[in-house]
Amino acid sequence: MKNQPKNDTFGINIMKFCREHEQYIENQAAVNDCDFEELLKWHEQKLVWLAHERLIHLLVTILTAIIFLFLIGLEAYTQSELVFPFLAVTFCMLAAYLIHYFRLENHVQHWYKIAEELHEKVSSQKDK
């Protein structure tokens, strides 16, 4: 671990993180002697991490929307050209956060389905 280069200094690519985890789950599930119970535990741990990420982004998205609405009100009240650049930047940030949050939400819901499938496999593995 110490000898590995730090290429996540500025954070991880969450969509790549999700794809790699899903590929790992698929690869492990394809193995004949897979311990689905351990695989499910690992998946549920990563699901908790992703749900936390989703919550943080929801809060940031809401805060950005509140700032955007405040700037719209300020623009309407003052009718100053000085507010417009801040309004434009905040709009772009809000759009980016909404897209990112939408993708996180869809990944979490997709991972719920994966967890259900793993639960079924754990149950069938215990029945044998």
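**A buried histidine and its surroundings**

H107 has a relative accessibility of 18%, and because buried means under 20%, H107 counts as buried. Please bear in mind that we are looking at a predicted model. H107 is found in helix α3. Which residues does H107 touch, if those up to four places away in sequence are not counted? They are M15, C18, E22 and L50.

Let me turn to another residue, W111. With its neighbours within four places in sequence left aside, W111 is in contact with F17, C18, H21, E22, H43, K46, L47 and L50.

This brings us to the nonpolar cores. The largest one has 18 residues, and those touching the most other members are I14, C18, F36, L39, L50, W111 and L118. At least two residues of this core are supplied by each of α1 (14-30), α2 and α3. Helix α3 gives the largest share, namely seven residues. There is also a second, separate core of five residues, with F68, L71, L87 and L94 among them.

Finally, the helix packing. Helix α2, residues 36-78, packs against helix α3, residues 83-127, at an angle of about 160°, and their axes lie 7 Å apart. Since angles over 145 degrees count as roughly antiparallel, α2 is roughly antiparallel to α3. The crossing of α2 past α3 is left-handed. How do the residues of this contact divide? In the contact of α2 with α3, 32 are nonpolar, ten are polar and nine are charged.

Notes
Residues are numbered from 1 along each chain as its sequence is written. This is a predicted model: local features need pLDDT of at least 70, side-chain atom pairs count only at pLDDT 80 or more; totals for chains, interfaces and linings use all residues. Side-chain values use heavy atoms; hydrogens and water are left out. Axes are lines fitted to C-alpha atoms, for helices over the stretch in contact, and angles run from 0 to 180 degrees between N-to-C directions. Helices (H or I, at least four residues) and strands (E, at least two) are DSSP runs, numbered from the N terminus. Angles under 35 degrees count as roughly parallel, over 145 as roughly antiparallel, 65 to 115 as roughly perpendicular and the rest as oblique. A crossing is left-handed if the near helix is turned anticlockwise from the far one by less than a right angle, and right-handed if clockwise. Ala, Val, Leu, Ile, Met, Phe, Trp, Tyr, Cys and Pro count as nonpolar, Asp, Glu, Lys and Arg as charged, and the others, Gly among them, as polar. A nonpolar core is a set of buried Ala, Val, Leu, Ile, Met, Phe, Trp, Tyr and Cys residues joined through side-chain atoms within 4.5 Å. Buried means under 20% relative accessible area, exposed over 50%, partly exposed in between (1.4 Å probe, protein chains only). Contact means heavy atoms within 4.5 Å.
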